[in-house]
Number of protein chains: 2
Amino acid sequence: MTIRIAVDVMGGDNGPGVIIEGAVAGARSLGAKVLLVGVESEIQSGLKGTDSSGVEVEVVPATDVITMHDHPAQAVRRKPQSSINVALRLIAEGRADAMVSPGNSGAVMAGALMVLSRIKGIERPAIASYIPTVRGKTLLLDLGAVVDPKPSHLVQFAEMGQVYAQRILNLPQPTIGLLSNGEEPTKGNALVQQVYPLLQARDDLNFAGNVEGKDVAMGTVDIVVTDGFTGNVALKTAEGVANFLVEILREEIMKTLPRKLAGLILRPAFRDMRRRLDYAEIGGAPLLGVNGSVIICHGRSSARAIETALTAASRSFEHDLAGEIGRRNANRPQAAEA
Amino acid sequence: MTIRIAVDVMGGDNGPGVIIEGAVAGARSLGAKVLLVGVESEIQSGLKGTDSSGVEVEVVPATDVITMHDHPAQAVRRKPQSSINVALRLIAEGRADAMVSPGNSGAVMAGALMVLSRIKGIERPAIASYIPTVRGKTLLLDLGAVVDPKPSHLVQFAEMGQVYAQRILNLPQPTIGLLSNGEEPTKGNALVQQVYPLLQARDDLNFAGNVEGKDVAMGTVDIVVTDGFTGNVALKTAEGVANFLVEILREEIMKTLPRKLAGLILRPAFRDMRRRLDYAEIGGAPLLGVNGSVIICHGRSSARAIETALTAASRSFEHDLAGEIGRRNANRPQAAEA
């Protein structure tokens, strides 16, 4: 069966063109059908500049757009015909298997909760993303869905992260770290100190204790759990430092002629280095905890980033992450609706 | 007058040797007197391996040591003869002008509050540090002194950061950003949303609004204010990513012979790059809000890191940061003791 992926082509910082280009490329490499959701005239003109031969493309009109400046929860209610809402409804109506959006991430989350609803037993969804590390990749969550979570929310983030790592990365018992300001069990703010014993008490979670910011880049554990505020700051700090380093490396190399020549020889090495750091290679961030496969992308996503986000969407659907999260919660005796 | 700097030589991860070496080197370049505080026999054997010619060195015995595993507040009470306590008392007794410690930072803070007491009008001290950015340096605080601050604490962190930037960096009106999960005023966790209007209402603070994790590396503002939990995570994430990048750059360069040769030519460029990233070049972190010049260093500080920490200690004392913070609070009508 061909997988059908709805892509919200509006809401990207650089207009629909790059989103359409990435969506079509992603569908081609996956052998998927892509449903392009947005203002019809803009999609048609975007498609003119894109080679979509051999790719099953359906244009799904959406007359409204939610911008980055809209209030997320209000916007999804006031703009039912926005591309985000229309794309999410395609999943609810069984016309699409997954959805990708580079738009207002708060609105994607609010819309997903409204249109798809949350998985029973999960109080709050979480945005998760693999980030590049010394040892490969680490799953970091939450990245901003819940900025003031309760302790139970973080435990559920750990549960969902575990399902993701088991299903997508084939890690039977992924290690889980709790992001803190020190490794000792006594470290942490009030939230972390409440979450620590809850995670430690869970036989079904491979809890490795507290981890520090440096571990996010080292890959010390497979999954790093944190509140959405801290996770967002950590991710953006990591991106900022990576960009900063590439910039000063370039500055240093441009200082003298011999350095410039050596820099030319090393160009492939630098390209490989940047690829290992490039968040576009990692792909979009799954929104875990809602009934459906929803992938959130950077507003400034390149075509390549959208292409890999479609792969993430496809994996999320094929491995039935939402279904598995739901089944585990149904089988867990202590799971209670909040 | 010769400045007198007390250095806690115990508590560093690599033993007293490197701390003594850095302390003597720092005192030499500053023309300062250094008071080495710790177990006397260890200091004497450390001094044997160090060229201390031309440097005024006093050995101040301390019979006890606070380790990284000790509970900070309990340890400073139960170990009055620890090197941290003894070094702090040298300031209180007028025998030293400033103090540097690579030991348990929580214990240094608890000890400083006990021995030196906090500045009137400052409810909680903050650990601040300059971090390298694209545009130079940004002062980030708090780095872990207060993991669950109240809104008023963050406003005081902004005030203290302003004094630091004005006095040390000669920035008449340093810009202040509030670390958040987005730039919009509506973004942030509950704490940030409470602090935002308080900072905005202050005519004497050059508040630039919310900043994101990436701004910590970009240098968008002169001062980034945050709670000690988030600040600690952001700083350690930045350090971790910087180390990660240097590591993968090395890996990529070692892959082929032409790359290795080009890498040799670029060795000075890489060295300059690392210097711009190296936290040892930035020096120790001042503990702001206590009556005295106290500099906290990494446990794994190199001799070079300790040397620059002595410079930070000297600056903190010469620019009378503690006195200036106290005077501004005394002159501020709305300042109230908590």
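**Domain arrangement and chain pairing**

The C-alpha centres of domain 1 and domain 2 of chain A lie 25 Å apart. The model is predicted; local features need pLDDT of at least 70, side-chain atom pairs count only at pLDDT 80 or more, and totals for chains, interfaces and linings use all residues. Residues are numbered from 1 along each chain as its sequence is written, and chains are lettered from A and ligands numbered from 1 in the order in which they are written.

In chain A, domain 1 comprises 1-122 + 289-338 and domain 2 comprises 133-279, with bounds from an automatic or database domain assignment. Contact between the domains (C-beta atoms, placed from the backbone, within 7 Å) involves 11 residues of domain 1 of chain A and 10 residues of domain 2 of chain A. On the domain 1 side, helix 5 (105-115) and helix 14 (321-331) of chain A each supply at least two residues; helices are DSSP runs of H or I, at least four residues long, numbered from the N terminus. Helix 14 of chain A gives the largest share of that side, four residues.

Between the chains, 49 residues of chain B are in contact with 49 residues of chain A. Helix 9 of chain B contributes the largest share of the chain B side, 21 residues. Since 100% of the interface residues of chain B are also interface residues in chain A, the copies meet through the same surface.

Key. Two residues are in contact if their C-beta atoms, placed from the backbone, lie within 7 Å.
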